[in-house]
Structures are given as C-alpha cells and as structure tokens.
Amino acid sequence: MTNKLDDMPLRKIDHVRFFVGNARQSAYFYRNAYGFDVVAYAGLETKVKNEAGYVLKQGGIHFVLISPLRASHPESKRLIQHGDGVSDIALQVDDVQVAYRMAVERGAQGVVEPQAIEDQYGIYEYATIQAYGDTTHTFVNRDRYHGAFAPGFDPIDPARYNPATYHSTGLLAIDHIVGNVEEGKMNQWVDFYRKVLGFEQLVSFDDKDISTEYSALMSKVVEGGRGRIKFPINEPAHGRRRSQIEEYIDFYGGAGVQHIALATNDIIKTVRALRDNDVSFLRVPRTYYDSLKDRVGDIKENIEELADLGILVDRDDEGYMLQIFTKPVQDRPTLFFEIIQREGAKSFGKGNFKALFEAIEREQAIRGTL
Ligand code: FE2
C-alpha cells in the first residue's frame with residue numbers, strides 16, 4: 001500500500017548522537033569493545049569551544065559521541081538527568097528544508113531551524129525536531145559536503161588512535177532503534193511517526209504476547225525510509241511487579257532510546273569477538289536450547305555453538321533470525337545493544353521475549369529494582 005506521506009524524503013539513519021560524560025573514554029570503549037573505528041574528532045583543537053565530539057564508524061554505522069567541555073554548555077544538564085544516552089537519531093534526507101517544513105506543518109515541534117553550514121569542504125545542511133522525551137531527530141543532507149563528518153570535525157589524528165590496533169567485530173548496519181515511552185504514550189508516538197514522518201506501522205504486540213510473571217510491555221513497530229528505518233516503540237504494561245520499561249524510565253528520567261540493534265552477517269563470529277573484548281551479554285538458561293529445533297526447525301548454524309554463546313533464534317513466515325542482547329553499557333540500567341543476523345525473517349524476535357524477560361528480571365532482582 002502506498003503511503004500518502006511517502007513524499008517525506010527520508011533516506012536512512014545517518015548517525016546516532018550520544019551525549020556522554022566523557023566522550024574520549026566512551027570512544028575508547030566503543031572502539032576497543034564494540035570494534036568501531038574512530039574516524040573524526042571535534043574539540044578545542046578544531047576550534048570547537050564548548051564540546052568535544054568523536055565520530056565512530058563500523059560498516060555503515062556512524063555513532064557520534066559528544067561531551068560538554070563546560071557547565072555552560074546548553075545541554076550539560078542532560079548528564080545529571082539522563083546519564084549517558086542517545087540524544088539524537090539523525091535521518092538523512094533529500095532536502096532538509098522540505099523535510100523540516102513538512103514535519104513542522106504536520107505537528108512536529110521544531111528545535112533547530114534549517115541551517116546550511118559552509119566550510120572549505122562544502123555545505124552541510126541540517127535541522128532538528130523533537131521526538132520522545134529529550135530525544136530529537138536531526139534531518140541531515142551531506143550531498144554537497146566532503147569533509148570528515150561535519151563542519152568542526154577533522155579526521156582523527158593517528159597519534160590518538162593507532163589504525164594498526166583497530167579490529168572490527170563485523171557489525172554492518174543499524175537494524176532498528178527502540179524507544180521506551182511513558183505508560184499510555186505509545187499510540188501517541190506511533191501516530192507521530194505515521195502522521196508527521198510518514199512511517200507505516202508494521203506489527204503490534206500486546207501484553208498477552210509479552211508478559212512474564214512480573215514484567216509486561218506493549219510494543220508497536222513503525223517503519224520509514226522505504227523500509228530502511230525501523231523504530232519499535234515500547235510502553236510499560238501492568239505486571240505483578242515493576243516492568244523493565246518502568247525501570248528504564250525511572251533511571252533515564254523519562255522516555256528515551258532503550259536499545260540499538262546492530263546487524264551482522266556472521267553473528268557467531270561477531271559475538272565471539274565482542275566476548276573476547278569483554279562485552280557482557282544477557283544469558284538465557286541452557287534449557288532454552290533443548291526445544292530450539294522443535295520451535296525453529298532447520299537452521300544452518302550449529303545449535304551447540306549458539307548455546308555456548310547464548311545466541312537466541314526465532315522464526316517467522318519468511319525465515320529465521322538470530323539475536324543476542326548486551327547488558328546495559330553504563331551503570332544506570334538504561335541503554336543496551338542487540339546484535340542481530342537476519343536469515344529472511346523480518347520480525348523482531350517475539351518468540352524470544354519470554355526467555356529474555358526472565359533473564360532481564362534476574363538482573364533486576366540483583367539490582368533490587370524488580
Ligand atoms: Fe530489538
């Protein structure tokens with residue numbers, strides 16, 4: 001079905017911006033644990049006065065880590081409120097002016113009006129609108145820009161990060177980015193993506209699909225950019241005890257990005273490399289693998305190998321998928337990552353939710369937040 005709002009000129013996720021307490025150290029973590037190459041830097045040395053920024057790249061994934069250099073930075077209070085987390089999901093568009101104007105006309109709250117910044121590498125265009133919580137979407141067009149990343153950024157100095165010590169973990173692309181929103185707000189944000197950004201709603205789960213003794217959530221998935229941008233939106237539902245979504249909202253101080261799913265085409269190799277780098281993953285009980293073959297049928301991977309690494313498998317009408325979730329990447333139980341390999345399946349692992357939620361609840365019980 002053709003969406004009447006398909007004229008919204010979204011191409012793909014351009015980059016994800018993280019606002020963090022210490023971008024220099026976060027860059028080291030994402031480089032040496034997750035296998036991102038550090039490719040560009042902005043800061044005092046590049047005449048940027050109030051913040052430091054590092055651009056990290058792996059496959060088609062770009063992360064931008066930003067830290068304020070002074071308390072007077074306009075966003076410095078984010079760190080007290082949210083801790084480290086995703087501040088912006090930037091979307092590449094054909095035309096920044098058109099995207100911004102259309103979004104605002106349809107009800108988006110503008111944050112930064114369209115800007116065209118020119119330096120010796122060309123013209124970088126962007127504009128920003130508000131999304132859930134303090135998260136924003138920046139529309140970016142870099143068709144006329146040929147610098148390292150954006151004005152203010154220089155290529156990374158090899159003396160800061162030695163290319164010879166860099167090792168990829170095989171991550172290729174962002175598969176989806178999940179937002180947690182407050183109870184009762186899921187449909188409002190699904191409507192925002194549909195009506196303002198021209199996304200389509202894919203599938204929905206309710207608390208009958210996704211609940212354990214304690215934890216429950218509702219989730220709907222919206223998709224835009226002709227299938228290249230997928231945003232599941234979760235809200236807490238009532239379980240017997242506090243749900244993982246409530247725990248997130250409590251510690252993050254509002255709605256925000258819960259997890260980013262990163263795609264690989266060899267999840268066994270990727271997860272081995274991540275584990276060798278001390279990335280910690282959620283584990284499901286070994287019994288999960290006893291019934292795996294009955295549940296998902298034939299898969300090309302060795303089930304023993306999947307069990308050793310704790311990789312989960314789910315099947316839908318179109319194929320199967322393999323996935324695994326990291327533990328939160330900061331002390332607050334907020335943002336985490338998913339590693340995913342799709343073998344035809346387009347779904348999000350509903351068949352794994354129960355086993356996963358029980359694993360998350362074991363962690364919540366240890367934190368005393370269940
Ligand atoms: Fe996911």
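1. Let us begin with a word you will need: a residue is called buried when its relative accessible area is under 20%. Keep in mind that this is a predicted model. Tyr30 has 5% relative accessibility, so Tyr30 counts as buried. Phe36 is buried as well, with a relative accessible area of 0%.

2. Now look at how these two rings meet. Tyr30 and Phe36 form an edge-to-face aromatic pair, with 6.5 Å from centre to centre and 90° between the planes. Tyr30 also makes an edge-to-face pair with Phe337, where the centres are 5.9 Å apart and the planes make 75°. Which parts of the chain does the pair of Tyr30 and Phe337 tie together? Tyr30 lies in helix 1 (residues 23-32) and Phe337 in strand 17 (residues 336-343), so the pair connects parts that are 307 residues apart in sequence. Both Tyr30 and Phe337 are buried.

3. One aromatic cluster is formed by Phe18, Phe29, Tyr30, Tyr34, Phe36, Phe63 and Phe337. The structure holds 25 aromatic pairs. Rings also meet charges here: the charged end of Arg142 sits over the ring of Phe149, 4.8 Å from its centre. Likewise, the charged end of Arg342 sits over the ring of Phe348, at 5.3 Å from the ring centre.

4. Next, find the iron ion. Which residues are its protein donors? They are His176 (NE2), His259 (NE2) and Glu338 (OE), lying 2.0 to 2.2 Å from the iron ion. Along the chain, the donors follow the spacing H-x82-H-x78-E. His176 sits in strand 10 (residues 173-180) and His259 in strand 14 (residues 256-263), so this pair links distant parts of the chain, 83 residues apart. Both His176 and His259 are buried.

5. Strand 16 and strand 17 pair in the antiparallel sense over five bridges. On strand 16 there is another antiparallel pairing, with strand 15 (residues 312-316), also over five bridges. Leu312 stands opposite Gln323 in strand 16, and a hairpin of two residues joins strand 15 to strand 16.

6. Is strand 16 enclosed or open to the outside? Seven of the seven residues of strand 16 (residues 319-325) are buried, so the strand is largely enclosed by the rest of the structure. Gly319, Met321, Gln323 and Phe325 point one way, while Tyr320, Leu322 and Ile324 point the other way, and all are buried.

7. Please also trace the open sheet of nine strands, which has the order 6-7-8-5-1-4-3-2-9 and mixed pairing. Its edge strands are strand 6 (110-119) and strand 9 (154-155), each pairing on one side only. Strand 6 pairs with strand 7 (residues 122-130) in the antiparallel sense over seven bridges. In that pairing, Gln115 has Tyr126 in strand 7 as its bridge partner. Helix 3 (residues 96-105) packs on this sheet, touching strand 5, strand 6, strand 7 and strand 8 (136-141), and the helix direction makes about 175° with that of strand 6.

8. Finally, have a look at Gly83, in the loop between helix 2 (78-82) and strand 5 (85-93). Gly83 counts as buried because its relative accessibility is 14%. Leaving aside residues up to four places away in sequence, Gly83 touches Phe19, Arg78 and Arg332. The C-alpha atoms of Gly83 and Ser291 are separated by 40 Å, and these residues are 208 residues apart along the chain.

Notes. Residues are numbered from 1 along each chain as its sequence is written. This is a predicted model: local features need pLDDT of at least 70, side-chain atom pairs count only at pLDDT 80 or more; totals for chains, interfaces and linings use all residues. Side-chain values use heavy atoms; hydrogens and water are left out. Rings of Phe, Tyr and Trp (its six-membered ring) pair if their centres lie within 6.5 Å; planes under 30 degrees apart count as stacked, over 60 as edge-to-face and the rest as tilted. Buried means under 20% relative accessible area, exposed over 50%, partly exposed in between (1.4 Å probe, protein chains only). Helices (H or I, at least four residues) and strands (E, at least two) are DSSP runs, numbered from the N terminus. A charge sits over a ring if NZ of Lys or CZ of Arg is within 6 Å of the ring centre and within 35 degrees of the ring normal. Contact means heavy atoms within 4.5 Å. Donors are N, O and S atoms within 2.8 Å of the metal (3.2 Å for Na, K and Ca); water is not among the atoms, so sites may look incomplete. Two strands pair if DSSP finds at least two bridges between them. Axes are lines fitted to C-alpha atoms, for helices over the stretch in contact, and angles run from 0 to 180 degrees between N-to-C directions.
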